Amino acid sequence: MKNLSTALAGAGIGLRAPHVRQVLSERPAVPWLEVHSENYYVDGGPALAALLRLRTDYPLSLHGVGMSLGGADPLDRAHLSKLARLIERTEPALVSEHLCWSGIGGRHLNDLLPLPYTDEALAHVASRVAEVQDFLGREILVENVSSYLAFADATIPEWEFVAAVARRTGCKLLCDVNNIYVNAMNHGFDADAYLAALPRDAIAEIHLAGFDASGPCLIDTHGAPVAPDVWALYRRAIARFGPVPTLIEWDTDIPPLATLLAEAATAQSILETPDALAA
Ligand SMILES: [Fe+2]
């Protein structure tokens, strides 16, 4: 492998299976790529080979969806070992996971479920973030998730909970601006107050995606273009946090690669003119 760049800047895209062949052959001028870590928990095969080839030309972010960081079962050491092996292989700039739980009693649920925002849950998830960082020997990013219900016992606003995890553990934050917008609409809070509560220095990556608005609440499908209101919130986030590396996520009804690249180009133009858009 040639000398790998490990710095992220600008607007990247999530690399998904339908686009791998085209990205390999065309090497589009996108500054970095993000992949779902668990798709590469293998010791060989074409998917890993393609990733390692792309890694010679693109900085990489590894984004986990299956660690159940906030879960009540012990952290899965086999899962962590596979992640450590992938980190060794790919030398990613960033490694992230979701601030959620996704299993109980050894059963894995294929979803990113919200935590009850309580002192007990905060202490629990903070200790597990610290455990993961110790195991991997590096800092991780944790991402705020979308949700469609809130726990009656919650005592801490979501934004304070997210900020406190970063403060307690020294981890960084992956600020999903679409998730903030979706939750603000679903739960009736102020998305700008959420952004204002996050520690500026901890924001290491931003996610943007599209949602479904056809039902009684917004559903975070990652299956549509970024909504105009989310672009507007993103502009305010960049004005506040500076030019944070930003990723376009698209996981269902995946469009042609050109559509993702156009969304990334829009994010890039906002990253390059933060002051003009700060008003
Ligand atoms: Fe996200």
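**Entry 1, pocket lining.** I looked up the lining of the largest pocket and found that its largest share, six residues, comes from E6. The model is predicted; local features need pLDDT of at least 70, side-chain atom pairs count only at pLDDT 80 or more, and totals for chains, interfaces and linings use all residues. Residues are numbered from 1 along each chain as its sequence is written, and side-chain values use heavy atoms, with hydrogens and water left out.

A pocket here is an open set of points on a 1 Å grid over the protein atoms alone, where a 1.4 Å probe fits, with protein on both sides within 12 Å along at least five of seven lines; lining residues have an atom within 4 Å of a point. I noted 32 lining residues, with Val65, His98, Asn110, Asp111 and Leu112 nearest the centre. Helix H3 (77-90) and strand E6 (107-113) are the elements giving two or more residues to this lining. Helices (H or I, at least four residues) and strands (E, at least two) are DSSP runs, numbered from the N terminus.

**Entry 2, iron site.** I listed the protein donors (N, O and S atoms within 2.8 Å of the metal) of the iron ion: Glu143 (OE), Asp176 (OD), His207 (ND1) and Glu249 (OE), at 2.0 to 2.4 Å. I read their sequence spacing as E-x32-D-x30-H-x41-E. Asp176 is in strand E8 (residues 172-176) and Glu249 in the loop between strand E10 (246-248) and helix H9 (257-272), so this pair ties together parts 73 residues apart in sequence.

I checked burial (under 20% relative accessible area, 1.4 Å probe, protein chains only): Asp176 and Glu249 are both buried.

Technical notes:
Donors are N, O and S atoms within 2.8 Å of the metal (3.2 Å for Na, K and Ca); water is not among the atoms, so sites may look incomplete. Buried means under 20% relative accessible area, exposed over 50%, partly exposed in between (1.4 Å probe, protein chains only).
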